[in-house]
Amino acid sequence: MSGRHRVLAGREKAMANKRPGKVGRRTFLAGAGASVATAGVLGTQAASAASAASGNAPFGVPPGQSKNYDPTYGVYRGTDPDIYNDWGTERDNKVLVYSRTAGPRHAHLGRRAILDPDHSSNAGLDLDRPYVITHAHTDPSVWPLPLTDDNVSQNELVRMLSAEGIEVHVTEDVRALQRLSDSYKAVIFNSPTRDTLWDHAAGAEGDTRLDRAREGLRKYIQGGGGFVGIHNAHGTEYNGWNWYEGLLGNSNYYSHGANQDGDVVIVNDRDVSTKDLPARWGFRDEWYNLIPFPTNVNFLAVVDESTLPEGPGRPGGHPGHGDFHPISWCQYYDGGRSWVTTLGHSSDAYREGTDFPGAAEFQQHLVHGIKSAMGLEPFCTPGRG
Ligand SMILES: [Zn+2]
């Protein structure tokens, strides 16, 4: 069976299982900023829900929910679990790791040629689309091509998550996002770059729907999906897709300083992704500077800028964030869960048994962040205040 068939089969299964929940979806649409036209289509149930909204709330916001409505992005977002869309979707214990690069490529991702069906060196392979390497460990013979030793972070994510009983699919095929299966418990953006979801970079011809992958990701999240952003997830889709900036917590990449050692300080010791970590641990990274600065999220960890020998920025550039320079946080967003970290520049940070500073702590942080976004562990537990 091809990768494409596996993905589609999973989606059909998920859709079949969603049918009993259809009323719930209608209720959600009525409440969550549905347009006039949508309310009309849905009939009197939706119209009455909309008209009951507070006078100050945007149209369609149900009573009592306006506090979580973010007009910048036109979505519900924040730390209130009430805004999670639990539609009862049946999801398998698996994740999709996505790392297509439409620009600079991190060394930890390794060779693109193996993973990107649009790369010229793969032109003769006639790969099935979407092209997904699956690590179900049930039938390796169906893998289109194996990962190579080059693909460090992908291999190491497979290692870390397989140890937790999680099935990992790895892809750099934008079409896997176009047809994103609801049966994934989380989608992990593993340092993709730039306009990674735009089709025209893939050489699509005669198709005016160049934003299908964006639509796929948005609907997946709206259906209660989990999102994990690692490192250059912050260097992705950063000009012009407001919704994605919101998914990152109303934050965006601006610049980074030197790749250097520094101390990570835990600011929330109750969340599963931080509670068993030391209060302070050394790590090495580029320590991304952000504009805008994340809001209405639960901050998990910061970097102590006073420990950065070369400072957080570069001369004449972003000065850093002073006393509070976040590097990880989480939020509910537009119906789904989002856990992000700006850490993860170096290959050795993902490897087991290296002397890279803080590698074990980073991996523990990451694994529990992923499990919480999947719904396997409590998600985004608030700190002590
Ligand atoms: Zn980097």
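## Basis

Two residues are in contact, or touch, if their C-beta atoms, placed from the backbone, lie within 7 Å. The model is predicted: local features need pLDDT of at least 70, side-chain atom pairs count only at pLDDT 80 or more, and totals for chains, interfaces and linings use all residues. Residues are numbered from 1 along each chain as its sequence is written.

## Overall make-up

The protein has 10 helices and 14 strands. Helices (H or I, at least four residues) and strands (E, at least two) are DSSP runs, numbered from the N terminus. Of the 385 residues, 46% count as buried. A residue is buried if 20 or more other C-beta atoms lie within 10 Å of its own, exposed if 12 or fewer, and partly exposed in between; the C-beta atoms are placed from the backbone.

The largest nonpolar core holds 70 residues. Such a core is a set of buried Ala, Val, Leu, Ile, Met, Phe, Trp, Tyr and Cys residues joined through C-beta atoms within 7 Å. Val-95, Ala-186, Val-187, Ile-188, Val-228 and Ile-370 touch the most other members. Helix α10 gives the most to this core, with six residues. Leaving aside residues up to four places away in sequence, Ile-370 touches Val-95, Leu-161, Ala-186, Ile-188 and Val-228.

α10 covers residues 359-374 and has 16 residues. From its first C-alpha to its last it reaches 22 Å, close to the 22 Å expected at 1.5 Å a residue. That expected span is 1.5 Å times one less than the number of residues. The helix is mostly covered, with 12 of its 16 residues buried. Among the buried ones are Phe-362, Leu-366, Ile-370 and Met-374. Glu-361, His-365, His-368 and Lys-371 are also buried. Gly-375 follows α10 and has a positive phi, near 90 degrees.

## Helix α8 and its neighbours

Helix α8 spans residues 212-222. Its buried residues are Ala-213, Gly-216, Leu-217, Arg-218, Tyr-220 and Ile-221. They pack against helices α7 (174-178) and α9 (242-247). They also pack against strands β6 (186-190), β7 (226-230), β13 (325-333) and β14 (336-341). Gly-224 follows α8, with a positive phi near 95 degrees.

Gly-336 lies in strand β14. Gly-336 counts as buried because it has 26 C-beta neighbours inside 10 Å. Gly-336 and Gly-223 are 113 residues apart in sequence, yet 6.7 Å apart in space, C-alpha to C-alpha. Not counting residues up to four places away in sequence, Gly-336 touches Ile-221, Gln-222, Gly-224, Gly-225, Gly-226 and Phe-227.

## Strand β13 and its partners

β13 is mostly covered: nine of its nine residues are buried. Two strands pair if DSSP finds at least two bridges between them. β13 runs antiparallel to β2 (residues 75-78), and two bridges join them. Here Arg-77 stands opposite Tyr-333 of β13.

β12 and β13 pair in the antiparallel sense over five bridges. Asn-298 stands opposite Cys-330 in β13. β13 and β14 also pair in the antiparallel sense, over six bridges. In β14, Trp-339 is the bridge partner of Cys-330. β13 and β14 form a hairpin with two residues between them. Asp-334 in the turn has a positive phi of about 50 degrees.

## Backbone exceptions

Most residues other than glycine have a negative phi, and most peptide bonds are trans. Pro-130 sits in the loop between α5 (112-115) and β4 (133-134). Pro-292 sits in the loop between β11 (288-290) and β12 (298-304).

Glu-237 is not a glycine, but its phi is positive, about 50 degrees. Its place is in the loop between β7 and α9. Glu-237 counts as buried, with 27 C-beta neighbours inside 10 Å. Asn-250 also has a positive phi, near 60 degrees. Asn-250 is found in the loop between α9 and β8 (253-256). Asn-250 is buried, with 22 other C-beta atoms within 10 Å.
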